[in-house]
Amino acid sequence: MGKITGFLEFDRKVEEYAPVEDRIKNYKEFTLPMKEKELKDQGARCMDCGIPFCHSGCPLGNLIPDFNDAVYLGKWEKAAEILHSTNNFPEFTGRLCPAPCEEACVLGINEDPVSIENIEKNIVETAFKKGWVVAEPPESRTGKTVAVIGAGPAGLAAAQQLNRAGHLVTVFERDEKVGGLLRYGIPDFKMEKNIIDRRVDILKEEGITFKTGVHVGVDISATELKEQFDAIVLSGGATVRRGLPIEGADLKGVVQAMDFLKQNNKRVDGIKDLGEEIKATGKDVIVIGGGDTGSDCIGTSIRHGATSVSNFEILGKPPVGRPEGQPWPFWPMRLRTSTSHKEGVERFFSISTKKFVGDKDGNLTGLITSEVEWIREPGKRPTLKEVPGTEKKWKCELALLAMGFTGSEMTVAEQLGLEADARTNIKASEADYKTNVPGVFVAGDQRRGQSLIVWAISEGRQAAHHVDTFLMGKSCLPLKGEGDLPRV
């Protein structure tokens with residue numbers, strides 16, 4: 001490493017944010033760029049630890065100490081080559097990943113960890129700015145054809161890897177534009193959509209065909225695709241939303257978070273035909289669910305001009321530090337405060353919604369909750385118990401359900417005769433991503449359940465290796481930890 005004592009000399013630093021009063025006026029990204037000297041110093045904090053646990057923390061197996069060192073030395077093009085060798089889309093993960101690599105950073109045992117995610121973002125943005133990220137079509141074609149169903153990060157990663165192997169890849173997407181939840185779930189203030197567009201343009205130049213507005217299973221049957229293509233990769237995500245089956249759940253104003261977020265992303269994109277409007281303007285909003293989707297609803301509601309925004313989480317408030325039983329380098333379930341949380345929300349933990357209340361016209365006017373406690377007994381699953389005497393009525397005109405997803409939509413699976421597991425994920429071999437139907441593979445949330453963008457990219461890359469092996473008998477595509485030949 002170039003700066004052996006860097007971790008002793010420099011404190012952790014990440015990008016700062018525009019003031020709340022300014023950023024909530026629009027949907028633009030609001031991070032403030034760091035100076036190159038500051039970024040080099042952050043790269044210098046990587047401490048040449050004997051075993052880089054950050055590798056195991058990263059689902060992609062990114063070569064983190066290597067690109068940190070390149071940044072410290074000012075070798076930005078080399079850093080970009082190293083980063084792209086294991087990650088197809090670092091511009092996505094550099095903005096949106098919760099950074100499990102940082103939780104596994106050795107320096108993080110007793111100091112602030114290396115700011116890996118921020119370094120990653122700046123590497124790829126420098127690469128785009130310098131013109132180093134260019135299309136690299138394969139030198140030859142195999143003549144084999146692959147259909148990828150779903151254009152989220154898993155599908156895009158699988159498509160690029162399979163195209164690099166020389167196969168003819170067609171990506172089918174039922175929405176109007178490519179990106180999956182990156183496009184129609186993640187708010188623009190976290191990632192503007194031109195970030196997706198510039199990468200998709202490169203994928204098209206490399207020879208990948210995109211067919212948007214095509215709903216496989218509806219517009220064209222999955223069995224037709226099976227006949228037309230040599231292999232199929234399913235990467236449609238875990239899109240079945242979890243509901244809240246209580247009294248009043250059908251009132252107008254009780255809305256699934258993804259419906260709210262998707263419509264707003266389309267609105268920001270300038271799309272006029274949005275159907276029935278879902279807006280938080282002038283309303284008391286309650287977001288039910290304390291994860292990333294709930295946070296995205298909070299930031300969006302504040303930008304709409306909500307009168308108030310509250311956030312309910314049924315789990316207890318986690319500690320700020322690592323909980324007992326979750327030691328380094330494991331991912332800790334601790335309190336996380338997002339930029340949206342800092343924009344004006346009141347958070348409530350250990351609270352359960354019992355009933356939605358409406359007026360005579362079927363409009364939501366409020367909801368009723370009670371406090372809860374979790375009973376934990378050795379050897380048993382925790383159970384939920386309502387705390388007597390804690391029932392409370394809240395004013396609410398918009399309740400956003402951000403409670404995650406329960407599994408995959410099964411239309412395509414049923415048409416192909418695929419098996420599902422108990423969680424309604426499509427069942428596939430852990431070793432090679434094969435389903436029970438030859439030539440059909442599955443990757444991403446549709447295989448493993450709701451997860452992270454970084455896991456989706458990893459799954460797409462892994463699946464591509466096994467599809468290539470199925471088509472050709474062997475594969476030159478890398479598995480996790482191996483890395484591609486350097487390419488930007």
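1. The place of Leu 251 is in the loop between strand E7 (240–241) and strand E8 (254–256), where strands (E, at least two residues) and helices (H or I, at least four) are DSSP runs numbered from the N terminus. Leu 251 counts as buried because its relative accessibility is 14%; buried means under 20% relative accessible area, exposed over 50%, and partly exposed in between (1.4 Å probe, protein chains only). Leaving aside neighbours within four places in sequence, Leu 251 is in contact (heavy atoms within 4.5 Å) with Phe 356, Val 357, Gly 358, Gly 362, Asn 363 and Leu 364. By contrast, the C-alpha atoms of Leu 251 and Val 124, which are 127 residues apart along the chain, are separated by 45 Å.

2. A word on the basis of these values: this is a predicted model, in which local features need pLDDT of at least 70 and side-chain atom pairs count only at pLDDT 80 or more, while totals for chains, interfaces and linings use all residues. Residues are numbered from 1 along each chain as its sequence is written, and side-chain values use heavy atoms, with hydrogens and water left out.

3. The protein chain is divided into domain 1 (6–130), domain 2 (145–239 + 405–472) and domain 3 (243–401), with bounds that come from an automatic or database domain assignment. The C-alpha centres of domain 1 and domain 3 lie 31 Å apart, and 16 residues of domain 1 are in contact with 16 residues of domain 3.

4. The size of an interface is often given as the accessible area lost when the parts come together. Domain 1 and domain 3 bury about 1,400 Å² between them, with 62% of it on carbon and sulfur atoms; buried area here is the accessible area (1.4 Å probe) that two parts lose on being put together, summed over both. On the domain 1 side, Ile 24, Tyr 27 and Glu 103 supply 50% of the area that this domain buries against domain 3, more than any other three residues.

5. Across the interface of domain 1 and domain 3, the rule finds 4 salt bridges, a salt bridge being a side-chain nitrogen of Lys or Arg within 4 Å of a carboxyl oxygen of Asp or Glu. Elsewhere in the list of pairs to inspect, Arg 336 forms a salt bridge with Glu 103, and the closest N and O atoms of this pair are 3.3 Å apart.

6. Lys 266 lies in helix H14 (residues 257–268) and counts as buried, because its relative accessibility is 15%. Not counting residues up to four places away in sequence, Lys 266 touches Glu 176, Tyr 184, Ile 271 and Leu 274.

7. Some backbone geometry deserves a check, since most residues other than glycine have a negative phi, and most peptide bonds are trans. A cis peptide bond joins Trp 328 and Pro 329, with omega about 5°, and Pro 329 is found in the loop between E10 and E11. Ala 99, although not a glycine, has a positive phi of about 65°; Ala 99 sits in the loop between helix H7 (90–96) and helix H8 (100–103) and is buried, with a relative accessible area of 5%. Tyr 433 also has a positive phi, near 65°, and is found in the loop between helix H16 (411–416) and strand E18 (440–442); at 7% relative accessibility, Tyr 433 counts as buried.
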